[in-house]
Amino acid sequence: MSDNNRNNKPVLVTKSSMPSFEEYSEEIRDIWDSVWLTNFGKKHNKLQEELQDYLGVKNISLFVNGHMSLELCLQAMGIEGEVITTPFTFVSTTHAIIRNGLTPVFADIKEDDYTIDPASIESLITENTSAIVPVHVYGNLCDVDAIEQIAKKHNLKVIYDAAHAFGVTRNGVGAGCFGDASMFSFHATKVFHTIEGGAIASNDDKLIEELYRLKDFGIRSEEVIDGVGANGKMNEFAAAMGLCNLRHVDEEIEKRSCVASHYRNRLSKLRGIKLSKIQPGVKSNYAYFPVVFTDESGTSRDEVFEALKQHNIYSRKYFYPLTNSLDCFEGRFDVNMTPVALDVSKRVLTIPMSASLEADVIDEICDVIEECVK
Ligand code: T4K
C-alpha cells in the first residue's frame, strides 16, 4: 500500500486541462452537420475573434502550432541577417530563426526573472542585425520598455516568443500588445490550449495578410498562387477545443495562482532556494514554477530531480541544455557568452504545475525538496 493519497500515481510536470467530455462533444456536434473540418472554418473564425477580445489585440492569426507561427512570422516580416535572442528557451525559438536562414546571436538573461537582459542586447547589435526575438519565459514578461527603446534606436523589429504568456498582462495591457508581433503556443501543455495550436498577435494588418497566405500555400484565390507558402492552418477540432478552454481559462489561471502561492509559502523559507521574482504590475498566468538551487542550498538541481523521481514525481529541467549548446549546433556558438543563462540552466528545476495539482501533492513535493536542502 502506498502512504500517499495519490496511491503513488505519477505526478508529471504538468497535466493538460480539459473541458468536460459533454462540453467538447456539444462543441463539435455541428462539425458533423457541416462536414467542414479545416481551412478557415466557422470554429476557427469564432476562436480568432474571441481570442482578439480576450487578449486585447487588434489581430490574431491562428496556426497549427506555436512553432510554425513563429517560423512563418519571421519569414513574413522579411527578417534578414542576425537576430538577437535568448538561449534560455525551448528549442523551437532558436530553430525558427535558423530555419529561416538567419543567424541567432545570443544575449544573456536576467538573474531574477530569466528573461533576456536588455543590458546585454545593445553591444551585440551590428550592421547585420535586423530583429530581436525575446522570450516571455515561464509567464514572466520581458523588460518590454527597454527592449522597445533599443529597437527604436537601432531600427530593429521585435517579435516576442510569448508561448508561455497567454493571459499575462502588465498594468492591464496584454502580453500580445508589445513589439511588432507576438507568438502564442496553444500546445496541450500550455495554460490555454487547442491540443496543438498557436497564433501570431500583431497590429500590423499587412503582416496578418501575408501570414494568411504563407500558412495556406501562398494561395490568394482558386487560380492565383502568388507566393511560396507552407501549410500552417488550424483545424476545426483544435479550434473547438480552444472555444471550450477559453470559457475556463480565468478559472484555470486562478487555480494555478493558488498552487503557486502554496509553493511560495513552503519554499521561500528554505535556505539557498531562489524563486522567480514577482514582477511589479504584472499579472502572471503561472505557466511554470521554476526553482533555482544556489550553492547555499547544500543540494543540487540534479539531486532534487532524482529525489523527486524516487517518489514518482517528474519535474523537468526547462531550460537545460541552453539552445546555444545543443548537439545540432556543436562548435557554432560559445555558451560562455551567456554566463547567467548557463548558470541558471544548471540550477533550475521546473516542478509540477497544473490547475488540478492538489494541496497534499504540493506538500509532498515541498517535503522532498526540504529533505534535500537539509
Ligand atoms: N517557444 C517556447 C518558449 C516554448 O516553450 C514552446 C513550446 C514553443 C516555442 C513552441 O510551441 P509549440 O510549437 O509546441 O506550440 C513541451 C511541449 O511540447 C512544448 O509545446 C513546450 N514549449 C515545451 C516547453 O514543453 P516536452 O517535450 O517537454 O513535452 P512532453 O511531451 O514531455 O510533455 C510534458 C508533460 O506535459 C508530460 O509529462 C505530461 C504533460 N502532458 C503532455 C502532453 C503531450 C499532458 O498532460 N498532455 C499531453 O498531451 O515539450
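In this predicted model, His164 places a polar side-chain atom 2.8 Å from an oxygen atom of the ligand. Tyr318 also has a polar side-chain atom by a ligand oxygen, and there the distance is 2.5 Å.

How many residues surround the ligand? The count is 26, and the closest are Asp161, His164, Ser185, Arg316 and Tyr318.

Now the helices. Two packed helices are described by the angle between their axes and the distance between the axes. Take helix α3, residues 66-76, and helix α4, residues 91-98: their axes come within 9 Å and cross at roughly 30°. Angles under 35 degrees count as roughly parallel, so that is the term for α3 and α4. The crossing of α3 past α4 is right-handed. On the α3 side the contact is made by His67, Leu70, Glu71 and Leu74, and on the α4 side by Ser92, Thr93, His95, Ala96 and Ile97. By class, these residues are 4 nonpolar, 4 polar and 1 charged.

Helix α3 also packs with helix α6, residues 205-214, where the axes come within 9 Å and cross at roughly 120°. The pair α3 and α6 is therefore oblique. Here too, α3 passes α6 in a right-handed crossing. Which residues meet in this contact? From α3 there are Leu72, Cys73, Gln75 and Ala76, and from α6 there are Leu207, Glu210, Leu211 and Leu214. That contact divides into 6 nonpolar, 1 polar and 1 charged residues.

How values were computed:
Residues numbered from 1 in each chain as written. Predicted model: local features only at pLDDT ≥ 70, side-chain atom pairs only at ≥ 80, totals over all residues. Heavy atoms only, no water. Axes fitted to C-alpha atoms, helices over the stretch in contact; angles between N-to-C directions. Helix = DSSP H or I, 4+ residues; strand = E, 2+ residues; numbered from the N terminus. Parallel < 35°, antiparallel > 145°, perpendicular 65-115°, else oblique. Left-handed = near helix turned anticlockwise from the far one by under 90°. Contact = heavy atoms within 4.5 Å. Nonpolar A, V, L, I, M, F, W, Y, C, P; charged D, E, K, R; others polar. Near = heavy atom within 4 Å. Polar contact = N/O pair within 3.5 Å; in protein donor to acceptor, adjacent residues only side chain to side chain.
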